[in-house]
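Visitor: Could you walk me through the pockets of a protein? I'd like to start with what lines them.

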Amino acid sequence: YPLTVTDASGTEITIEKEPERIISMIPSNTEILFELGLGDEVIAVTDIDDYPAEAAEKEKIGAMEFDFEKIISLTPDVVFSHESAMGVSEAGIEQLRAAGIDVFVVEDAKNFEHTYETIYDIAEITNTTEQADEIVTEMKAQVADIQEKLADVEPKRVFIENSDAPEIYTAGSNTFTDEMLKMIKAENVAATQEGWYLISSEEIITQNPDVILVSYSYVPDILTTLPLRPGFETIAAVKNNAVFQIDEDTTSRQAPRLAEGLLEMATAIHPEVFSE
């Protein structure tokens, strides 16, 4: 220190000293900070932060709408925002910067390699690079182990559902989810379109996936109701009881637990390999 860095918004900021008071504006940043051993330094998080358990006990700053006045009143040394939330927080971030608070906008990672870089970006600012080395090394080892076990496996056609009918959203090509499927010998049947999009039941039936993964938990009986949708009885995944629910946090948050999420997805798609 002083340390000068450029964030995802293209803003150059200079960190004068090792941060002792940190605020996180997205759960993935929070998970990284705690994994880096900075739980005591984190003074506030979003309303939806739930991991680790200690994070839920911190001061809250909002979620979709942030209380920027409160953030200023907490006098943080640095605030970690996220590129994915810039649409709702850009004006507020400018307000923080005008108040003399350092804000680092973390880039929206597109794959695992990018996530490793994110962990190092946060570690550099917080002087925890050695801890980041350990985290990334462990994540890479977990991923390598999963992929080694799948080396001789035939790919399966997979559909991932992110919301219940009638408005079924899924992850198309050029999404983190699509990248994860490619890593574990799975073909994303929704990759015919790019990004996150609304897909019809008819299209899912036509694509006839071998496996269906449900990545939400707000519908308690979804594994019972999904197979009963009209026409779904013809889908291979439904015929073969290959409809599974996966953890929406570990499989989507760009944080150290992503390796666990990858294993959960791989186990659901290739139970013959991982359930032995």
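Visitor: How do the residues lining the largest pocket divide into nonpolar, polar and charged?

Guide: This is a predicted model, in which local features need pLDDT of at least 70 and side-chain atom pairs count only at pLDDT 80 or more, while totals for chains, interfaces and linings use all residues. Residues are numbered from 1 along each chain as its sequence is written, and side-chain values use heavy atoms, with hydrogens and water left out. The lining of the largest pocket divides into 11 nonpolar, 11 polar and 5 charged residues, where Ala, Val, Leu, Ile, Met, Phe, Trp, Tyr, Cys and Pro count as nonpolar, Asp, Glu, Lys and Arg as charged, and the others, Gly among them, as polar.

Visitor: And which residues lie nearest its centre?

Guide: Of the 27 lining residues, Trp196, Glu248, Ser252, Arg253 and Gln254 lie nearest the centre of the largest pocket. A pocket here is an open set of points on a 1 Å grid over the protein atoms alone, where a 1.4 Å probe fits, with protein on both sides within 12 Å along at least five of seven lines, and lining residues have an atom within 4 Å of a point.

Visitor: Which helix gives the largest share of that lining?

Guide: Helix H6 does, with 3 residues; helices are DSSP runs (H or I, at least four residues), numbered from the N terminus.

Visitor: Switching topic, what classes of residue line the second largest pocket?

Guide: Its lining has 9 nonpolar, 2 polar and no charged residues, and among them are Met25, Thr46, Phe66 and Ser84.

Conventions. Helix = DSSP H or I, 4+ residues; strand = E, 2+ residues; numbered from the N terminus.
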